[in-house]
Amino acid sequence: MQAKKLVVQLTLVAVVMFGFGYALVPLYEAFCRITGFGGKTDVIAEAMAAQAVPSDRSIAVTYTSHSHTSLPWEFKPVSKGLDVKPGEIHEAVFYVKNYSNRPITGMSTFNVTPPRAGFHFKKTECFCFTQQVLQPGEEKEMLVRYMLDPAMPEDVLELTLSYTFFDNEKYAGQ
Amino acid sequence: MSDTAVAHGHDHAHDHDHDHDHDHKPTGFRRWFMSTNHKDIGTLYLIFSLTMLFLGGAMALVIRAELFQPGLQFVDPHFFNQMTTMHALIMVFGAVMPGFVGFANWMVPLMVGAPDMALPRMNNWSFWILPFAFSILLLSFFVPGGAPAAGWTLYAPLTVQGGMSVDMAIVAIHMMGISSIMGAINIIVTTLNMRAPGMTLMKMPMFVWTWLITAFLLIAVMPVFAGAVTMLLTDRHFGTAFFNPAGGGDPVLFQHIFWFFGHPEVYIMILPAFGIISQIIPTFARKPLFGYSSMVFATAAIAFLSFIVWAHHMFTVGMPLQGELFFMYATMLISVPTGVKVFNWVTTMWRGSMTFETPMLYAIGVVFLFTMGGLSGLMLAITPADFQYHDTYFVVAHFHYVLFSGAVMAMMGGTFYWLPKWCGHMYNETLGKWHFWLTTIFFNITFFPQHFLGLAGMPRRYADYPIQFTEFNQWSTVGAFGLGISQLLFVYIIVSTVRGGKKATTEVWDNPEGLEWTVPSPAPFHTFDEPPVVK
């Protein structure tokens, strides 16, 4: 009987560890959000951003963007980037066009390099991680409003915002 | 093949030498397919492991043949990648893990004085799942696109895109995982509940201790791996996006989950080897194991640390500096308990009346060569150095030093050590020594040059290389073929020993310690029906 109890307990441990594998997904998400690990960025309200006190140093921000090979879209930043003072609110504009003859759902991922700058990159508005449907031949400008946190580490002199659009048809409507 | 030869020989030897009245056993199909006897199941595991060793070895020889010269000679790069992937999957899950489970099945009940494993029917299940799992894995060679070719780590997003073979590998991994977890539960219940009266935990033989801790590791991490491949499966077919960036997933997350399993997994493959070595050395040094309790705590410490070092496999993936430092220091910390073990083995030998029978040669070989693998591991743990060594042949050399000359050679030593107990005959000592020296020398010819290749920048998992790497690769290929062919001698020794030879005594060796040496050789079908008393 003692053996039976032990078997049940050990089986439970195995089941719990299977669940733990899944729990690592939200844990990892939370970890990335809190630490900015992997270039994850922070979303804040416009009103909060407006209260920030601009500092007088400036950081060179570069915009890059790619469209995944499976997606027949053109996707490019309207300007290459600019010098940004932490605390100021800026807009980055990206141009996107569907060159195919069918409507396609795409979704963009987003990343900041160096990763340690990610946490101090505050977005108030962004088109990333939401599904975007483009009709055949449709072109669009997409907007990101952001602010660099004045607490950005002193040694960050330049940073890169990178967007990649993926074909999201497989997940359309979810 | 060798399967039937060994099985027959075994049967035969038994009928001949051993016909106790109470020792009757089923024969043929009933005996081997429906067995619940820990010794028979142990034998099945060991034969399975040896078969897989040859299969995985043959794949390694395809890899080495292709790398004998720069350029493409024998196979196309895609098939080459299938070879590296399948070689690793088969060796890890088919040869090393079932091999150690075979040792556990045979030896744990004998060592703790139990009549059988605690859950004999489940024991039968956990073995017989394996042939089916590996059939599925091997059948993937014949589906469109061939076998998995993304490396044994199955990194997403490459495996999110792969063909049907990835699904077959996932199913096979689930089955192997269930098999290992059942095996682990069985070992834990046996060691915790069925020890002979008087055998307290701190009197258990080291092999039983290492397996107990390994079994806990298995239960903790195999399900995590099962979870990871399930996420992969749902990403591939059921519209989830755990790892697929197109749906907002993160491919790096797969690496984290994989290595959260993967690092404890490498200790699952080495701790039982430590256990075998800790049994062999005291016997042939004729001294008790030095620092028994520190050995137990060192094993437990290694097991604990294995959970907090996983990201050292992915230093180059991009991590905050603090993360890199944490994983670097935590990894280096492992060398402390491991160093304790090596120190204890050496100290056990110190001023012992040593003799150098084949098992002892293997034990010393493992201590020496495993330590080399440990030291190259320490080099890899240094984050900035790892940026250069990552994914080069230096890593390949490192993990073969710990896995071949650690795990596999420990199993070979264990086989020579316990084979007389298993089959009742002494093996041919001269041939055993030949096998040791051939294996050790060819192993070093194969893998030592790979350190240099890696330091010079040759990346792993490519079918081709620039010409400046030719000479070391040729050394390596010659060594690999020598190493492979030498293993035929291993099979010959086992088969001929099972079939006949000098009769082994009950003690086999010179006054060895442990309950397994109190039962006759060969160990009867049923042992310890009356529990022995340990003082």
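A polar contact is a pair of N or O atoms within 3.5 Å; within protein, one must be able to donate a hydrogen and the other to accept it. The legends below concern a predicted model.

**Figure 1. Polar contacts across the interface of chain A and chain B.** Two residue pairs in polar contact are found across the interface of chain A and chain B, both at pLDDT 80 or more. The count of salt bridges between chain A and chain B is zero. The contact draws on 27 residues from chain A and 36 residues from chain B.

**Figure 2. Area buried between chain A and chain B.** The size of an interface is often given as the accessible area lost when the parts come together. Between chain A and chain B, the buried area is about 2,600 Å². Carbon and sulfur atoms give 75% of this area.

**Figure 3. The side of chain A that touches chain B.** Elements of chain A that give two or more residues to this side are α1 (2-35), β6 (104-113) and β10 (158-167). The most is given by α1(A), with 16 residues. By residue class, the side of chain A that touches chain B comprises 18 nonpolar, six polar and three charged residues.

**Figure 4. Strand β9 of chain A and its pairing with β5 and β7.** Strand β9 (residues 139-148) of chain A pairs with strand β5 (residues 89-98) of chain A in the antiparallel sense, over nine bridges. Within this part of the view, A:Tyr95 has A:Glu141 in β9(A) as its bridge partner. Strand β7 (residues 121-125) of chain A also pairs with β9(A) in the antiparallel sense, here over four bridges. A:Met147 in β9(A) is the bridge partner of A:Lys122.

Figure 5. B:His312 lies in the loop between α11 (292-305) and α12 (321-333) of chain B. This residue counts as buried because its relative accessibility is 12%, and the class requires a value under 20%. Its side chain makes a polar contact of 3.1 Å with the side chain of B:His313. With neighbours within four places in sequence left aside, B:His312 is in contact with B:His263, B:Phe327 and B:Thr331.

Key:
Residues are numbered from 1 along each chain as its sequence is written. Chains are lettered from A and ligands numbered from 1 in the order in which they are written. This is a predicted model: local features need pLDDT of at least 70, side-chain atom pairs count only at pLDDT 80 or more; totals for chains, interfaces and linings use all residues. Side-chain values use heavy atoms; hydrogens and water are left out. Contact means heavy atoms within 4.5 Å. Buried area is the accessible area (1.4 Å probe) that two parts lose on being put together, summed over both. A salt bridge is a side-chain nitrogen of Lys or Arg within 4 Å of a carboxyl oxygen of Asp or Glu. Ala, Val, Leu, Ile, Met, Phe, Trp, Tyr, Cys and Pro count as nonpolar, Asp, Glu, Lys and Arg as charged, and the others, Gly among them, as polar. Two strands pair if DSSP finds at least two bridges between them. Buried means under 20% relative accessible area, exposed over 50%, partly exposed in between (1.4 Å probe, protein chains only).
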